[in-house]
Amino acid sequence: MLCSLGIYGLWFHDFRSPFDVLLQGYIFVDRDGKHFRHILNWLRDGEIPPLKDSEYAQLLREAEYYQLLGLVDGVKTALSKRKVDEELGTELTRIDIIKCIQSDRVRFRGINLSGLDLSKLDLSFVDFSYACLKTVFFSRANLQCAKFRDVDAEASIFHNATLRECEFTGANLRGAVLAGANLQSANLQDACLIGCSFCGADLRSAHLQTADLTNANLEGANLEGANLKGAKLTNANLKGANLQRAYLRHVNLRDTHLEGAKLDGANLLGAIR
């Protein structure tokens, strides 16, 4: 990127290494010029531009490179304020949840809990039906018999959570992480499980009828006795999975990765392979 020294000549002159000085009053800056206009505008009026989080991260790197400490502080402040604003948009906090679960028959139906950290809590039998649970952190939580009917839990984390006999009918779990989770006898009928990670998960006797498991990773998962009737398994990874006595009638397995999977006693009548 070429820049004229111009009115910013003294500013550039303070740097020792990032720039190569060329002839005719120009310097060469070996950086991507995408965010340089934001830097110039900040030098002119001190304003921090409204950007996406990913763009703020890029601008922060540029500000640190140019050693503009004021801009670094401004970007960090903008990011912190945005995080606070997002938390305020959530209807309940972790502390509110903890207070609520101390009573019987807890219901969070239709409530926006997006982004909350609910890890390691005892949330068994809680009704989350129709709630917005995007990016909620449920890692290692006890959610046995909890209800998630028609929830939007896209990209949520259920890593090593207890989800035995949970109901996820019609839920959107696109991109969710359920690796190592206990989903024994869970009901996932009609659920959107596209791109989900079930690595090493316990799905014994789980109900997965007509669930969409496109691009899902079920490597090493235990699906013994699971019902997958009508499930979509396009490009699903079932390497090393236990599918013994699983119900796979008329399921299209042509684009499914089944290397090392155990299929003893599985019902494969009419399955496309």
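## Salt bridges

A salt bridge here is a side-chain nitrogen of Lys or Arg within 4 Å of a carboxyl oxygen of Asp or Glu. By that rule, the count for this structure is six salt bridges. Keep in mind that this is a predicted model, where local features need pLDDT of at least 70, side-chain atom pairs count only at pLDDT 80 or more, and totals for chains, interfaces and linings use all residues. Residues are numbered from 1 along each chain as its sequence is written, and side-chain values use heavy atoms, with hydrogens and water left out.

Let's look at some of these bridges. Asp117 pairs with Arg94, and their closest N and O atoms are 3.7 Å apart. Arg94 belongs to helix α5 (94–100) while Asp117 lies in the segment after α5, so this bridge ties together parts that are 23 residues apart in sequence. (Helices are DSSP runs of H or I, at least four residues, and strands are runs of E, at least two, numbered from the N terminus.)

Buried means under 20% relative accessible area, exposed means over 50%, and partly exposed is in between (1.4 Å probe, protein chains only). Asp117 is partly exposed at 37%, and Arg94 is partly exposed too, at 30%.

Now for another bridge: Arg109 meets Asp127, with the closest N and O atoms 2.8 Å apart. Both residues sit in the segment after α5, 18 residues apart. Here Arg109 is partly exposed at 42%, whereas Asp127 is buried at 8%. Asp152 and Lys134 also form a salt bridge, at 3.7 Å from N to O. Asp152 has 22% relative accessibility and Lys134 has 35%, and each counts as partly exposed.

## Helix α2

Which residues of helix α2 (residues 36–45) are buried? They are Phe36, His38, Ile39, Leu40 and Trp42.

## Aromatic rings

Rings of Phe, Tyr and Trp (its six-membered ring) pair if their centres lie within 6.5 Å; planes under 30 degrees apart are stacked, over 60 edge-to-face, and the rest tilted. That gives 10 aromatic pairs. One of them is Phe148 with Phe158, an edge-to-face pair at 5.9 Å centre to centre and 85° between the planes.
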